[in-house]
Amino acid sequence: MLAAAVVGCGSDDDGGSDGDADPAAASGDPSSGALTEPVTVDNCGVEVSVDAPPERVVTIKSTSTEMMLALGLGDLLVGTAFADGPLPDEYAGQLDAVPVLSDNVPGQEALLDVEPDFVYGGWESNFAADTAGERSSLADFGIDTYVSPAACQDPAYQPDPMTFDELFAEIHEVASFFDAEDRAQDLVAEQQALLDQVAEPGAGLTAFWFSSGEDAPFVGGDIGAPAMIMRELGLENIFADVDATWSNVSWEQVIDRDPDVIVLVDAAWNTADDKIERLESNPATAALPAVAEQRYLRLPFAASEAGVRNAQAVVDLAAQLAELGL
């Protein structure tokens with residue numbers, strides 16, 4: 001907000017003829033207080049307009065926090081919340097001085113206390129009257145908000161299906177708010193290089209993406225990040241007929257569809273080991289060949305949602321597939 005005021009008061013039509021002009025301003029450097037060009041995007045049906053690079057950013061969910069770090073923008077963070085697990089080793093220590101506002105979604109009071117000018121959420125539900133505040137109310141405080149496009153709930157905005165091209169578009173879009181497009185290009189190239197290492201090692205195999213659940217398993221459907229990752233591996237999703245990012249199904253359906261491999265999402269509140277115990281202690285699921293032969297693939301929860309971990313997840317799961325020797 002202060003940066004915007006400075007831009008409004010400090011612009012000059014004389015082109016800096018007194019010789020004191022900041023050369024960074026012409027280059028669009030974030031430190032100049034102005035973007036090369038104002039950025040306006042339609043984000044899940046909400047218009048986001050940014051004239052100057054945000055300087056005080058709060059992230060909610062691991063996907064948004066790690067996106068900022070991957071773009072080299074961690075020094076702009078004044079608060080984080082709702083971490084889905086520990087940071088990858090490459091970012092270790094980078095957030096030691098950044099306050100954690102909440103283990104879940106922060107309340108509006110905690111959010112406003114750190115005086116952000118931009119809040120980047122991983123889910124639309126992060127912005128609600130009973131959580132961080134509705135996007136319109138935060139706008140009244142002069143705070144811009146942005147939701148990961150992969151998490152848009154309106155069918156008009158929801159990726160259908162989610163693809164790595166959609167993810168790369170988010171990288172570029174986020175970078176555009178901060179004049180970090182060069183870093184975005186490098187990051188996308190790094191992600192693509194990881195994907196290029198994998199040549200559909202799971203071709204011909206079926207997979208059950210087990211996210212959580214006991215009485216009714218919560219599984220990866222056909223349009224979200226789980227499906228995107230499975231497609232990249234060449235795996236056939238046994239719930240490809242479910243037109244959703246995630247969905248509850250029945251154990252009878254899992255047994256009837258008899259997957260070749262089972263992808264286990266490892267979360268602190270529902271670990272991969274917990275899921276294995278559940279599968280192996282139930283006589284019906286224990287009889288599945290994938291369970292009896294322990295054909296399990298594991299990945300951290302934070303890598304199961306659309307974000308900068310997905311490409312590495314493809315590489316890691318490909319290596320696990322190779323170890324199974326199927």
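**Labels and the values behind them**

Colleague: Why is glutamate 280 called partly exposed?

Modeller: Its relative accessible area is 35%. Buried means under 20%, exposed over 50%, and partly exposed in between (1.4 Å probe, protein chains only), so a value of that kind is called partly exposed. Before we go on, please note that this is a predicted model: local features need pLDDT of at least 70, side-chain atom pairs count only at pLDDT 80 or more, and totals for chains, interfaces and linings use all residues. Residues are numbered from 1 along each chain as its sequence is written, and side-chain values use heavy atoms, leaving out hydrogens and water.

Colleague: Where does glutamate 280 lie?

Modeller: Glutamate 280 is in helix H10. Helices (H or I, at least four residues) and strands (E, at least two) are DSSP runs, numbered from the N terminus. The chain has 13 helices and 13 strands.

Colleague: And what makes glutamate 66 buried?

Modeller: Glutamate 66 has a relative accessible area of 2%, and is therefore buried. This residue belongs to helix H3 (residues 62–70).

Colleague: Which residues does glutamate 66 touch?

Modeller: Leaving aside residues up to four places away in sequence, glutamate 66 touches Leu87, Pro88, Tyr91, Ala302, Val308 and Arg309. A contact means heavy atoms within 4.5 Å.

Colleague: How do you know that H3 is mostly covered?

Modeller: Nine of the nine residues of H3 are buried. Those buried residues pack against strand E3 (57–60), strand E4 (77–81), strand E6 (118–121), helix H6 (164–177) and helix H7 (181–195). After H3 comes glycine 72, with a positive phi near 75°.

Colleague: Which value of phi does cysteine 44 have, and is cysteine 44 buried or exposed?

Modeller: Phi of cysteine 44 is near 55°, which is positive in a residue other than glycine. The residue sits in the loop between strand E1 (39–43) and strand E2 (46–50). Its relative accessible area is 10%, so cysteine 44 is buried.

Colleague: What about phenylalanine 82: why is it called buried?

Modeller: Phenylalanine 82 has a relative accessible area of 16%, so the label is buried. Its phi is near 60°, again a positive value in a residue other than glycine. You will find phenylalanine 82 in the loop between E4 and strand E5 (100–102).

Colleague: How many of the residues in the whole chain count as buried?

Modeller: Of the 326 residues, 50% count as buried.
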